[in-house]
Amino acid sequence: MSKLSLGTRLFLSHLLVMFVGLGSFICLAKFSSPKMFIVRLEKLEQQGFFTVRSARTYLVRGFETAWDNSAFWSVIFGVSAAGGVSYLVSRRTMKPLNQMKDITQKLAQGNLEERMPESEIPEWDQLGKSFNIMANSLQDVEKRRRELISDMTHELRTPLTVMRGYLEELANGSIEGDTLLYLNLVKETRRLERLIHDLQELSKAEAGYLSITLHPINLIPLLNSLVERFADQIMDDGPMIKLECPTDLPSVLADSDRSEQILVNLIGNAIRYTEKGSITVKAWQDNKKVWVAIIDTGIGIKPDDLPYIFERFWRADKSRSRYSGGTGIGLAITRRLVELQGGKIEVESEIEKGSIFRFSIPIA
C-alpha cells in the first residue's frame with residue numbers, strides 16, 4: 001500500500017474535521033429540533049394563540065422533511081466549498097515544501113547556488129532561512145574543499161619538482177652528488193613530512209579526533225621555558241623576546257602538550273615575521289579565564305587579510321618564500337586547538353607596527 005503524501009494528508013484532515021463538525025451539528029439538530037419545535041407549539045397553545053393538536057403530527061413531519069432537505073443541500077454545498085478551500089489551502093501550504101524538495105535535488109546534483117525564497121507562512125519562512133543557512137554552509141565547505149585540493153597540489157608540487165630535478169640530473173650524470181645536494185634533498189623531504197604531518201593534525205582537529213586531555217596546569221613554568229628556548233634561537237641582531245606574567249596567575253584547565261603546541265606556533269610566527277624590535281609574551285587573568293598574548297613589532301597584517309588569518313594555507317605576506325613562510329596550516333591548527341580546550345583566539349594588527357595574537361583558556 002502506497003503512503004499518502006503530506007498534501008493529501010492535509011487535504012483529508014481538513015475534510016475529516018469538516019465532516020465531524022457538520023455531522024455533529026446534523027445529528028444534534030436532527031434529534032433536538034423536532035422536540036424543541038413541539039415545545040414551542042405547546043407554549044403557543046398555552047398562551048391561547050391557537051390550537052394545533054390535530055395538526056401537530058403533520059406539522060412535525062413537515063418540519064422534519066424541510067429539515068432533511070435543507071440539511072442535505074447544506075451538506076452538498078458545505079462539502080463542496082470546504083473541499084475546494086481545503087484543496088487550495090493544502091496546495092498553498094505544500095508549495096514551500098515542494099520547492100525545498102526540488103532545491104534539495106539540485107543541491108544533490110551539485111548546483112549549490114539554489115536558495116529558498118521567502119514565504120508568507122512564518123513557520124515555512126523560518127524553515128526556509130534555516131535551509132538557506134545549511135545551503136550556504138555546504139557551498140562554503142565545497143569551496144574550501146576545492147581550495148584545499150588546489151593549495152595542497154601547489155604546496156606539494158614545489159618540493160617534488162625540486163627533488164625530481166635533482167634526481168634526474170643525478171641519474172643522467174649532469175651533476176655529481178655532494179653533501180650540499182644531499183642536504184637539499186633531505187630538506188625537501190622534511191618539508192614534505194612537515195606538510196603531511198600538519199595536514200594530519202588539522203584533519204584530526206577539525207574532525208574532533210585529536211586527543212585532548214584536560215587537567216589543571218600551571219602556565220608560568222611553560223611560558224618561562226618557551227621564552228628561554230626561543231631566546232636561545234634568536235640571532236643577536238634579531239628581536240628581543242620577553243615574558244610579562246604575574247606570579248599569582250591561576251592554574252588553567254587545559255592540555256599541557258596542546259597548549260605548548262599553540263604557544264610554539266604563535267611565538268614561531270612572531271619571530272618569523274619580526275626582524276627587529278621585540279616580542280612580548282603576556283599573560284593575565286580576566287574573570288574566569290586566563291589570556292595569553294604574543295605581541296610583536298613585526299611587519300603586521302593588512303586589515304583586509306585579518307578575517308582570513310586562521311584559514312588553512314593562508315599567508316599574510318604573499319611575497320615571502322614558502323620556505324620561510326611555513327606550511328600555512330599552523331594558525332588553522334592553533335585556532336582549532338584553542339577551541340577544543342574551551343577558549344577562543346583573536347588577532348589585532350597594523351601594517352609596519354606589529355601584531356597581537358591572544359587566546360583564552362578557562363581557569364581550573
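Trainee: Contact means heavy atoms within 4.5 Å. With that settled, which residues does Ile212 touch, not counting residues up to four places away in sequence?

Mentor: Ile212 touches Asp255, Arg258, Leu337, Leu340 and Gln341 on that count. A word on the source: this is a predicted model, where local features need pLDDT of at least 70, side-chain atom pairs count only at pLDDT 80 or more, and totals for chains, interfaces and linings use all residues. Residues are numbered from 1 along each chain as its sequence is written, and side-chain values use heavy atoms, with hydrogens and water left out.

Trainee: Where does Ile212 lie?

Mentor: In the loop between α4 (179–207) and β1 (215–217). Helices (H or I, at least four residues) and strands (E, at least two) are DSSP runs, numbered from the N terminus.

Trainee: Why does Ile212 count as partly exposed?

Mentor: Because its relative accessibility is 23%. Buried means under 20% relative accessible area, exposed means over 50%, and partly exposed is in between (1.4 Å probe, protein chains only). Ile212 also sits 8.3 Å from Ala254, C-alpha to C-alpha, although the two are 42 residues apart in sequence.

Trainee: Step back a bit. How many helices and strands does the chain have?

Mentor: Seven helices and seven strands. Along the sequence the pattern runs α-α-α-α-β-α-β-β-α-β-β-α-β-β. The chain has 364 residues, and 33% of them are buried. Take the contacts with a separation of 6 or more: 70% of them join residues 24 or more positions apart.

Trainee: Now helix packing. At what angle do α6 and α7 pack?

Mentor: About 145 degrees, with the axes of α6 (residues 256–272) and α7 10 Å apart. Axes are lines fitted to C-alpha atoms, for helices over the stretch in contact, and angles run from 0 to 180 degrees between N-to-C directions. The α6 and α7 crossing is left-handed. That label applies if the near helix is turned anticlockwise from the far one by less than a right angle; clockwise makes it right-handed.

Trainee: Which residues make the contact?

Mentor: On α6, Arg258, Gln261, Ile262, Asn265, Leu266 and Asn269. On α7, Gly330, Leu331, Ile333, Thr334, Leu337 and Val338. By class, the α6 and α7 contact has six nonpolar, five polar and one charged residues. Here Ala, Val, Leu, Ile, Met, Phe, Trp, Tyr, Cys and Pro count as nonpolar, Asp, Glu, Lys and Arg as charged, and the others, Gly among them, as polar.

Trainee: Which residues of α7 are buried?

Mentor: Leu331, Ala332, Ile333, Thr334, Leu337 and Val338. After α7 comes Gly342, with a positive phi near 80 degrees.

Trainee: And α5 with α6: left-handed or right-handed?

Mentor: Right-handed. The axes of α5 (residues 219–233) and α6 come within 11 Å and cross at roughly 35 degrees. Leu222, Leu223, Leu226, Arg229 and Phe230 of α5 meet Ser256, Ser259, Glu260, Leu263, Val264, Ile267, Gly268 and Ile271 of α6. Those residues divide into eight nonpolar, three polar and two charged.

Trainee: Switching to rings. How many aromatic pairs are there?

Mentor: One. Rings of Phe, Tyr and Trp (its six-membered ring) pair if their centres lie within 6.5 Å; planes under 30 degrees apart count as stacked, over 60 as edge-to-face and the rest as tilted. Phe310 and Phe357 form an edge-to-face pair, 6.2 Å centre to centre, with 85 degrees between the planes. Phe310 lies in the loop between β5 (289–296) and α7 (330–340), and Phe357 in strand β7 (residues 354–362), so the pair ties together parts that are 47 residues apart in sequence.

Trainee: Phe310 and Phe357: buried or exposed?

Mentor: Both are buried.

Trainee: What lies over the face of Trp284?

Mentor: Lys282, at 5.7 Å from the ring centre. The rule wants NZ of Lys or CZ of Arg within 6 Å of the ring centre and within 35 degrees of the ring normal.
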